[in-house]
Amino acid sequence: MTSDDVGAAAGGGIDRAVPVGEIGERAVIAALTAAATAAGPADDIVIGSGDDAAVLDIGGSAVISTDTVVEGRHFRFDWSTPNQIGARAVIQSAADVAAMGGRTTGLVISVACPPQTPVGVVLDLNDGVVDAAHGLGARVLGGDLVAAAEVVVSVTAVGALEGRRPVSLGGARGGDLLAVSGPLGSSAAGLAVLSTPGRDPEEWPEVVALHRVPSPDLTQGPVAAAAGAHAMTDISDGLVEELITMSRAAGVAMEVRADAVPRRADLARVATQLGADVDEWVLAGGEDHHLLGAFDAASVPAGWTVIGEVRDAAGPTPEVWVDGRRVGGPDGRDLHGWQSFAQPRG
């Protein structure tokens, strides 16, 4: 089979069960490139997918972020389709761009996989990437395909600030209000459903879907930047972990109220049926990829929910407090979000 044959196969002519190793890297890349360029040219792409590197004209400062997801650690094929895995990888990288106040304009994707991987898996994964990119108003600019022991997807997102100043992680000030751009805990609830033996994911399809592909409104990053946000990050590792990181970066203390954090109405019912603590999902679950920001009281954007406040640190070590108790303190809650070298998340 030639590269031209597989390039045409992006439209459906290929036997998708054929192993990647049998078809070869060049031919599969031709198919991925055909899918990435199917939507036609874009004004900001000078040179797009298919060359040695892409060239963008974004007319100002660029934001660049990269993320990697690994089979068995960040996703499982028995829990998610390749399409969903590709879309999820895009969302988590684009959320980092949004957290700086940027709008994602382009993405570069690298896929590693065992040679015996059916080519349909790679093409479906790529379709998820392309669809998610287009949903963000961005384009896939290129990437790479290599052999590996398991499937690994790396996404580099490029974004534009479009005249806005970048919003750093460490700019929070005493007196700021802390606010989030969307409900938390849904992805953690979906993971709990998938992880519980004997549970049918179709009992709670909404939270399972939000674990498979989070759905944050990433346009709120530029909105927050335009509103004058002092600090911002996306909630990937769990709210408490992000608060700890943000407080240390700024040298301030942060206090939130658990009942102020927005969550889906059905989360409490799911937690009751699974014997879980809904606040654990909301405070420490992560992977919702909504945004956390620190604002002047008069500058919190419409649609954001105030969950707490920033105050000057009382001692040399910045602290995070939940419901009046210091996280990690002797009377506090032992809350931990995602740690990259700890347990797999799936």
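Mentor: What follows goes from the chain as a whole to its helices and then to single residues.

Trainee: What kind of model is it, and how are residues numbered?

Mentor: This is a predicted model, in which local features need pLDDT of at least 70 and side-chain atom pairs count only at pLDDT 80 or more, while totals for chains, interfaces and linings use all residues. Residues are numbered from 1 along each chain as its sequence is written, and side-chain values use heavy atoms, with hydrogens and water left out.

Trainee: How many helices and strands are there in the chain?

Mentor: The chain has eleven helices and 13 strands, where helices (H or I, at least four residues) and strands (E, at least two) are DSSP runs numbered from the N terminus.

Trainee: And how much of the chain is buried?

Mentor: Of the 346 residues in the chain, 50% are buried, with buried meaning under 20% relative accessible area, exposed over 50%, and partly exposed in between (1.4 Å probe, protein chains only). The accessible surface of the chain comes to about 14,500 Å², and 50% of that belongs to carbon and sulfur atoms; such areas come from the Shrake-Rupley method with a 1.4 Å probe, and for residues only the protein chains shown count as cover.

Trainee: What about contacts between residues at least 6 apart in sequence?

Mentor: Among those contacts, 83% join residues at least 24 apart, and contact here means heavy atoms within 4.5 Å.

Trainee: Let's turn to α4, what does that helix look like?

Mentor: Helix α4 covers residues 82-99, which is 18 residues, and reaches 26 Å from its first C-alpha to its last, close to the 26 Å expected at 1.5 Å a residue; the expected span is 1.5 Å times one less than the number of residues. The helix is mostly covered, as 15 of its 18 residues are buried, and just after α4, Gly-101 takes a positive phi of about 95°.

Trainee: Where is Ala-87, and what is it in contact with?

Mentor: Ala-87 sits in helix α4 and counts as buried because its relative accessibility is 9%. Leaving aside neighbours within four places in sequence, Ala-87 is in contact with Gly-128, Val-129, Ala-132 and Val-213. The C-alpha atoms of Ala-87 and Gly-128 are separated by 4.6 Å, although the two residues are 41 residues apart along the chain.

Trainee: Which residues of α5 are buried?

Mentor: Helix α5 (residues 119-135) has twelve of its 17 residues buried, among them Gly-128, Val-129 and Ala-132, and these three are also in the list of contacts of Ala-87. Helix α5 reaches 24 Å from its first C-alpha to its last, close to the 24 Å expected. Just after α5, Gly-137 takes a positive phi of about 75°.

Trainee: How do α6 and α7 pack?

Mentor: Helix α6 (residues 186-195) and helix α7 (residues 205-212) pack at an angle of about 105°, with their axes 7 Å apart; axes are lines fitted to C-alpha atoms, for helices over the stretch in contact, and angles run from 0 to 180 degrees between N-to-C directions. That makes α6 roughly perpendicular to α7, since angles under 35 degrees count as roughly parallel, over 145 as roughly antiparallel, 65 to 115 as roughly perpendicular and the rest as oblique.

Trainee: Which residues make that contact?

Mentor: From α6 they include Ala-189, Leu-191 and Val-193, and from α7 they include Val-207, Leu-210 and Arg-212. By class, the contact of α6 with α7 has seven nonpolar, four polar and one charged residues, where Ala, Val, Leu, Ile, Met, Phe, Trp, Tyr, Cys and Pro count as nonpolar, Asp, Glu, Lys and Arg as charged, and the others, Gly among them, as polar.

Trainee: New topic: is His-289 buried or exposed, and what is its phi?

Mentor: His-289 counts as buried because its relative accessibility is 5%, and it has a positive phi of about 65° although it is not a glycine. His-289 lies in the loop between α11 (278-284) and β10 (291-295). Most residues other than glycine have a negative phi.

Trainee: And where does Asp-323 lie?

Mentor: Asp-323 lies in the loop between β12 (320-322) and β13 (325-326), with a positive phi of about 55° although it is not a glycine. At 42% relative accessibility, Asp-323 counts as partly exposed.
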